[in-house]
Amino acid sequence: MAVAISAIPLATAAPDTSVQNKQNFSSDVIYQIVTDRFLDGNASNNPTGAAYDATCSNMKLYCGGDWQGIVNKINDDYFSNMGVTALWISQPVENIFAVVNYSGVNITSYHGYWARDYKKTNPAFGSMADFENLIAAAHAKGIKVVIDFAPNHTSPAMETNTAFADNGRLYNNGALIGGYTNDTAGYFHHNGGTNFSSLENGIYKNMYDLADFNLQNPTIDGYMKDAIKLWLDKGIDGIRVDAVKHMPLGWQKNWMAAINDYKPVFTFGEWFLGANEVDAANHQFANESGMSLLDFRFGQKVRQVFRDGSDTMYGLDSMISGTQTAYEEVNDQVTFIDNHDMDRFQVDGANGRKLEQAIAFTLTSRGVPAIYYGTEQYMTGNGDPNNRKRMTSFSTTTTAYNVIKKLAPLRKSNPAIAYGTTQQKWINNDVYVYERKFGNNVAVVAINRNSTTAASIAGLTTSLPAGTYADALGGTLNGNSLTVGSGGAASTFNLAAGGVAVWQYTAAATTPTIGHVGPMMAKAGNTITIDGRGFGATKGTVYFGTTAVTGANITSWEDTQIQAVVPAVAAGKYAVKVRTSSAVDSNVVNNVDVLTGQQVSVRFIVNNATTNLGENLYLVGSVSELGNWDAAKAIGPMFNQIITSYPTWYYDVSVPAGTAIQFKFIKKNGSTVTWESGANHTFTTPTSGTGTTIVNWQP
């Protein structure tokens, strides 16, 4: 950690509650592992026959990596010495065993995304005892474990050929539930493959040839809730949800409500965005579903600026400011520069400095940084499966490894990096100087992507107190110290070609400041965790709007963390603040979503709702989950192409269970709203499972 050379006081690092606090990953660094490609720790569990290639020359086959291999690297401190505090592993559930032949190429389920039984382990990765050992080994080192989970689909299937692959079959701890062909119970969608032309098309049609779950089916809904509880009971600390763009938002919100009511953990989904793609539906999902997202907008822009040179630092700054506005909880979005679905960041034959700069930017930016396995070893590879090669080295001396090692711990020791706001301080096409600030804590980062020309930085003003600050990277990326005078004015300095410097200041909190609240979606009686600084050692008060939580309903109160029970307030989004025992108020964190109660997924269908060009149909009703009759908060736009056809519309919505609700449909065209006539529709939602209500439009 860099310190001020002059006599400026530094705060003691906050206690490490990383494994205990399963809702907040802001101070963590995640390391993503494709389990089969990391390390073979137990050769006895390797598949036999055509499914396995010991040389990994055919990267569509299993190569032998397993949970014991991960445990081995946990125990030799490969992760801890790098500063990694969370591991994201491949989906651990049992996958199909078939070797599938596509156009003469044998392909297996080594990636973990072709599930057949969500309540058993993939034996190629290990037994349930091996999984439990992985959790125990990680927690012993203060490392969290995140599992990949894919409730969207099972495995490849053909409607007309039951012998192809495993026919998408789903099992319940060994007992067959059903397969894709002759699916009389309606466990799967049978609408053909998606062409990705619309959100609806991607949700209700198969992604490629994968058997797509009908999540509105009560058996599947209950199965997915039970299955994830099994893994929560094993002690996992987080969930990465595959393909959230391809499942109904309403069902996912209902599923997340069940998780938060059981054992809440940090959960983030995959919603792929291409370069320069900005999608309002993506923001809506992050703000309404109860889970965060992999921040593809961040990742794609970092690749454009540092890897490809197709955008400038102005584009990077625009992305930072744009996402700050779009996401209600931007610090919960998971940032990255590459992953298993993208070309690796490092290009064959390229200098490593671009990668090192991208890592430094990611580790010092807002959000939860995730490093793809082997990035620290400069692994290359374009496209699947070349971006999923076997781990090439476990060197701890690479520059990339040591950049992570130096910067990752700052996310725990300096709350400005974990929770702070971001402000651009100096910029041109190649240079970006930005400041992270949280209370009195400050970090200033300077990056010069120009590989041949140093930059003279003059007129820089920061929030750093007067003093001289060492580069937290220790000159690893050619950074130097920074001298700051009164008012935060920095002396003119040169930033080396390709240089990166990080200067920081930490101080004891003088006022209570909230950095994170989680989960951001809960119901009365659930417990939320508030992280920050300066709360003091004596219980004070937590406010949901104007409703005070005190006494026994505050279950834990420390200077850096509070746990409080959500009060019995009317459902809706609330501002949360903390008042200390000495009556000092914190900042306010907005948009904590208090639900009406336990949730179920209901499909709303309306017939004969004709629209004019530019109009869309929305749903609004008597509970918070339906907008409380506020047209601006109505649910939609509704769909009308696949499950039903225009002028019949439908939408799957998370609503309170066992509740008599009233609702209507409205037509929107920009700011023009046309309400349905007649009396309110009424429906009593099921107490569990899923439901459907069908009504006619009232002209």
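1. A disulfide is here a pair of cysteine sulfur atoms within 2.5 Å. The model is a predicted one, and it holds one disulfide. Cys56 and Cys63 form this link, with an S to S distance of 1.9 Å. The torsion about the S-S bond of Cys56 and Cys63 is about 80°, so the disulfide is right-handed.

2. Are the two cysteines buried or exposed? Buried means under 20% relative accessible area. Cys56 has 9% relative accessibility and therefore counts as buried. Cys63, at 1%, counts as buried too.

3. Strand S6, residues 115–121, is mostly covered, with six of its seven residues buried. Strand S3 (residues 93–95) runs antiparallel to S6, and three bridges join them. In this pairing Glu94 stands opposite Asp117 of S6.

4. Helix H5 covers residues 218–233 and helix H6 residues 249–262; they pack at an angle of about 35°, and their axes are 10 Å apart. The crossing of H5 and H6 is right-handed. On the H5 side the contact involves Asp221, Met224, Lys225, Ile228, Lys229, Leu232 and Asp233. On the H6 side it involves Trp251, Asn254, Trp255, Ala258, Ile259 and Tyr262. By class, the contact of H5 with H6 comprises eight nonpolar, four charged and one polar residues.

5. Lys253 deserves a separate point. This residue lies in helix H6 and is buried, because its relative accessible area is 9%, where the limit is under 20%. Which residues does Lys253 touch, not counting residues up to four places away in sequence? They are Glu288, Ser289, Met521, Asp593, Leu595, Glu625 and Ser654.

6. An open sheet of three strands has the order S36-S34-S40, and its pairing is mixed. Strands S36 (649–656) and S40 (690–696) stand at the edges with a single partner strand each, so one side of each has no neighbour in the sheet. Direction ignored, neighbouring strands of this sheet are turned by 25° against each other on average.

7. Within that sheet, strand S34 (residues 599–607) pairs with S36 in the antiparallel sense over eight bridges. Val600 stands opposite Val655 in S36. Helix H6 packs on the sheet and touches S34 and S36. The direction of H6 makes about 160° with that of S34.

Definitions and conventions: Residues are numbered from 1 along each chain as its sequence is written. This is a predicted model: local features need pLDDT of at least 70, side-chain atom pairs count only at pLDDT 80 or more; totals for chains, interfaces and linings use all residues. Side-chain values use heavy atoms; hydrogens and water are left out. Buried means under 20% relative accessible area, exposed over 50%, partly exposed in between (1.4 Å probe, protein chains only). Axes are lines fitted to C-alpha atoms, for helices over the stretch in contact, and angles run from 0 to 180 degrees between N-to-C directions. Helices (H or I, at least four residues) and strands (E, at least two) are DSSP runs, numbered from the N terminus. A crossing is left-handed if the near helix is turned anticlockwise from the far one by less than a right angle, and right-handed if clockwise. Contact means heavy atoms within 4.5 Å. Ala, Val, Leu, Ile, Met, Phe, Trp, Tyr, Cys and Pro count as nonpolar, Asp, Glu, Lys and Arg as charged, and the others, Gly among them, as polar. Two strands pair if DSSP finds at least two bridges between them.
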